[in-house]
Amino acid sequence: MKISVIGTGYVGLVTGACLAEIGHEVMCTDNDASKIQTLESGGMPIYEPGLEKVIPKARKDGRLKFCANPSDAVAFGDAFFICVGTPPLPNGDADLSAIDHVARVIATEAKSPKLVIEKSTVPARTGQELKRALSVYGRKSNVKFSVASNPEFLREGTAVADFLHPDRIVVGVEDEATERQLKEIYKPVLERKFKCPVHSPECPNVPPPAWLVTTINSAELIKHASNSFLALKISYANMVSDLAERLGADIGEVVRAMGMDPRIGPSFLSAGLGFGGFCLPKDLQAFVHLAERSGVDFTMLREVEKINKKRIDHFYEKLRSALWVVRGKKIGVLGLAFKPNTDDVRFAPAIDLVNHLLGEGAVIRAYDPEAMERARAILPQIEYAKTAYDAAKDAEALLIATEWDEFRKLDWDRIRGAMARPLIVDGRNLLSPREMKDRGFEYRSFGRPD
Ligand code: UGA
């Protein structure tokens, strides 16, 4: 099928590249011309594992193209995936202006019937507005548009594998013809008719995805409800962690046993600095606003947000009580990305933490395996280290803010030797308290006996 993908951020680029990987002809466009230029010249505007294999292959086979002019993308595709950003407005609502703009471009330029698929995360009922916008903006052309919602459940860092081996594919449609078109698009994923480029030993054993056909409103609601529930799970674990800290219990032991109950499940119960990134925090806010506007009191989710914001203060208090005075102290920070295996620092707890520390007069030297370039743009005032060892040099405390695997494997004796004071505050419960103590560190973490 000929498919155009509008927006080449984390979602759009992965979607476009993977659709080409499974056999479609794909044209990706973005209003940021420099991104398109980077992609056309073989560069990668983001770090997302797997893309470095999929994109060059699909380009070489002629199935993946990039264009800066949206009109070319409209002329190219029979189906469009809208993957533009829906960032938060100052009041927390999702800003849907990019979706409106895309609707205008498609409606005014299309010459033949098109299927328009929302992939960006949007509040319920956006599909209805999109349909209306397409018919208003396209009223002179008489072209027929069908609209569908196909929310993505990709996680940054594993997005390519998530696209190719999803647990479910949700399609919100209004008629059977649209469902058939979407099924045709996803046929290779549903029937597993492709050779997985990010092959892992589990790949052949992953069961095929569930195919779920819903209304457009339900599909939109599924996405927001899922992300908000994940956020709720994390905040819940963080509250239990605070309690464990007071009672002398170990949060690791508690959530391990909780997670063995299939009704609860083991994921998203890791206590620490809390959730960040461009999805969970903004989706939670937008969901609460949607509920309020719909007359539903969902204050429970406001608590989730509040608990998450307080994680930074809680972490800072651990550091302050260990250091006594923070002002003027040299502090090393390991991790700036909002989670491992990404260079994304948007709404990263690590960035909030560094800002907090700067406000308290600390002197920061930070290291992240992939996110330093992006961090530099928003935090130009701190020092950036070339390695984790360099970040630890002469530091009076070393903070772990992102759980990169690389940090697990560090030579901790070398780190201890480099530090002015061997104090570790672990915001992601990455290390073992006993092992760190045996190695001669003062070690603090969340919800575990020090
Ligand atoms: C999230 C969802 O997990 C995806 O299903 C969804 O498709 C995506 O948002 C989206 O809406 O596009 P992502 O933002 O990549 O994916 O990140 P997550 O893996 O969900 O992690 C979010 C944050 O929660 C990170 O800061 C992570 O460190 C934190 N987290 C996660 C915890 O603090 N504790 C946990 O137990 C798990």
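Strand E9 (residues 330-334) runs parallel to strand E12, with four bridges joining the two. Strands here are DSSP runs of type E with at least two residues, helices are H or I runs of at least four residues, and both are numbered from the N terminus; two strands pair if DSSP finds at least two bridges between them. The model is a predicted one, so local features need pLDDT of at least 70 and side-chain atom pairs count only at pLDDT 80 or more, while totals for chains, interfaces and linings use all residues. Residues are numbered from 1 along each chain as its sequence is written, and side-chain values use heavy atoms, with hydrogens and water left out.

Back to E12: Leu334 has Ile400 as its bridge partner there. Ile400 also has a bridge partner in E13, namely Asp426. Strand E13 (residues 423-426) pairs with E12 over three bridges, again in the parallel sense. Strand E12 (residues 397-400) is covered on both faces, with Ala397 and Leu399 buried on one side and Leu398 and Ile400 buried on the other. Buried means under 20% relative accessible area, exposed means over 50%, and partly exposed is in between (1.4 Å probe, protein chains only). In a regular strand the side chains alternate between the two faces of the sheet.

Strand E6 (residues 145-149) is mostly covered too, five of its five residues being buried. Phe145, Val147 and Ser149 point one way from E6, and Ser146 and Ala148 point the other way. E6 runs parallel to strand E5 (residues 114-118), and five bridges join them. One of the pairings involves Ile117, whose bridge partner in E6 is Ala148.

Then there is the ligand. Its shell holds 21 residues, and Glu152, Leu154, Glu156, Lys223 and Asn227 come nearest; a residue is near a molecule or strand if one of its heavy atoms lies within 4 Å of it. By class, the shell has 10 nonpolar, four polar and seven charged residues. For this count, Ala, Val, Leu, Ile, Met, Phe, Trp, Tyr, Cys and Pro are nonpolar, Asp, Glu, Lys and Arg are charged, and the others, Gly among them, are polar.

Backbone atoms reach the ligand as well. A polar backbone atom of Leu269 is 3.2 Å from a ligand oxygen, a backbone N or O atom of Ser270 lies 2.8 Å from a ligand oxygen, and for Gly274 the corresponding distance is 3.4 Å. On its own the ligand has 720 Å² of accessible area, and the protein covers 92% of it. Helix H9 (216-247) and helix H11 (280-293) are the elements that give two or more residues to the shell, with H9 supplying the largest share, four residues. Domain 1 (2-214) and domain 2 (250-450) both contribute to the shell, so the ligand lies between them; the domain bounds come from an automatic or database assignment.

Phe268, in the loop between helix H10 (251-259) and H11, has a positive phi of about 60° although it is not a glycine. Its relative accessibility is 33%, so Phe268 counts as partly exposed. Phe347, in the loop between E9 and helix H13 (349-359), likewise has a positive phi, about 50°, without being a glycine. At 44% relative accessibility, Phe347 is partly exposed. Asp343 is found in the loop between E9 and H13, but Asp343 is buried, at 7% relative accessible area.

How values were computed
Polar contact = N/O pair within 3.5 Å; in protein donor to acceptor, adjacent residues only side chain to side chain. Areas by Shrake-Rupley, 256 points an atom, 1.4 Å probe, with all protein chains shown as cover.
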